[in-house]
Amino acid sequence: FEAAMPWLFWMLGFSPAYIGGPPRMRDAADFVMSSPSGHVAVVECTVGLLKDDGKLPKLHDRTQAVRRELNNSGAQHLHVLPIIITCKTRQEVRPDLEQAEKLGIYVITKERLDELLLITLSPPNADKLYDEAEKATMAAQEMYQKYGSAEALSNLIGR
């Protein structure tokens, strides 16, 4: 799964770099990629739940390290977005979504993967996809800052 995802994003117009290798021999994200504008995504893949093996905090920490390195190298104008990809449906990972969104991690589930596969049939626009993911991530974080939790928001609007 994690080896196939960089190929998908390459077809979508990104420049991925697959890190790969046995987990016990590395301490890095599964791959990183950049958009044509140079913005960076740090990507972790899972076939399980989002919280398995501490993936969310590790991804958050790895993203912060990439941000620090870009800032130190004079590339602070570039954005860095953490992304976790799972082959599970949104409903299956629902218990983990809140933690991911609070950490500013963009979650790609099976439903979005299906949409992305269809997008490969048209000319790529990686910058547009990156911007959409970044805006969705910021909106989720703002919601949690404003309302505290998805449950509090649901109670507020009566759902």
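Start with Lys 55, which is found in helix α2. This is a predicted model. Is Lys 55 buried or exposed? Its relative accessibility is 15%, and because buried means under 20%, Lys 55 counts as buried.

Which residues does Lys 55 touch, leaving aside those up to four places away in sequence? They are Glu 44, Cys 45, Thr 46, Leu 50 and Ile 84. With Glu 44 there is also a polar contact between the two side chains, at 3.2 Å.

Next, consider the strands. Strand β3 covers residues 40-46 and strand β4 covers residues 80-86. The two run parallel and are joined by seven bridges. One of the bridged residues is Thr 46, whose partner in β4 is Thr 86. In general, the strands of a sheet pair through backbone hydrogen bonds, and the pairing can be parallel or antiparallel.

Now take the whole sheet. It is open and has five strands, in the order β1-β2-β3-β4-β5, with mixed pairing. At its edges are β1 (15-18) and β5 (106-108), each of which pairs on one side only. On average, neighbouring strands of this sheet are turned by 25° against each other, direction ignored.

Finally, return to the helices. Helix α2, made of residues 55-72, lies across β3 and β4 and runs at about 160° to β3. Helix α5 (residues 126-147) also packs on the sheet, where it touches β3, β4 and β5. The direction of helix α5 makes about 90° with that of β4.

Key. Residues are numbered from 1 along each chain as its sequence is written. This is a predicted model: local features need pLDDT of at least 70, side-chain atom pairs count only at pLDDT 80 or more; totals for chains, interfaces and linings use all residues. Side-chain values use heavy atoms; hydrogens and water are left out. Two strands pair if DSSP finds at least two bridges between them. Helices (H or I, at least four residues) and strands (E, at least two) are DSSP runs, numbered from the N terminus. Axes are lines fitted to C-alpha atoms, for helices over the stretch in contact, and angles run from 0 to 180 degrees between N-to-C directions. Contact means heavy atoms within 4.5 Å. Buried means under 20% relative accessible area, exposed over 50%, partly exposed in between (1.4 Å probe, protein chains only). A polar contact is a pair of N or O atoms within 3.5 Å; within protein, one must be able to donate a hydrogen and the other to accept it, and residues adjacent in sequence count only if both atoms are side-chain atoms.
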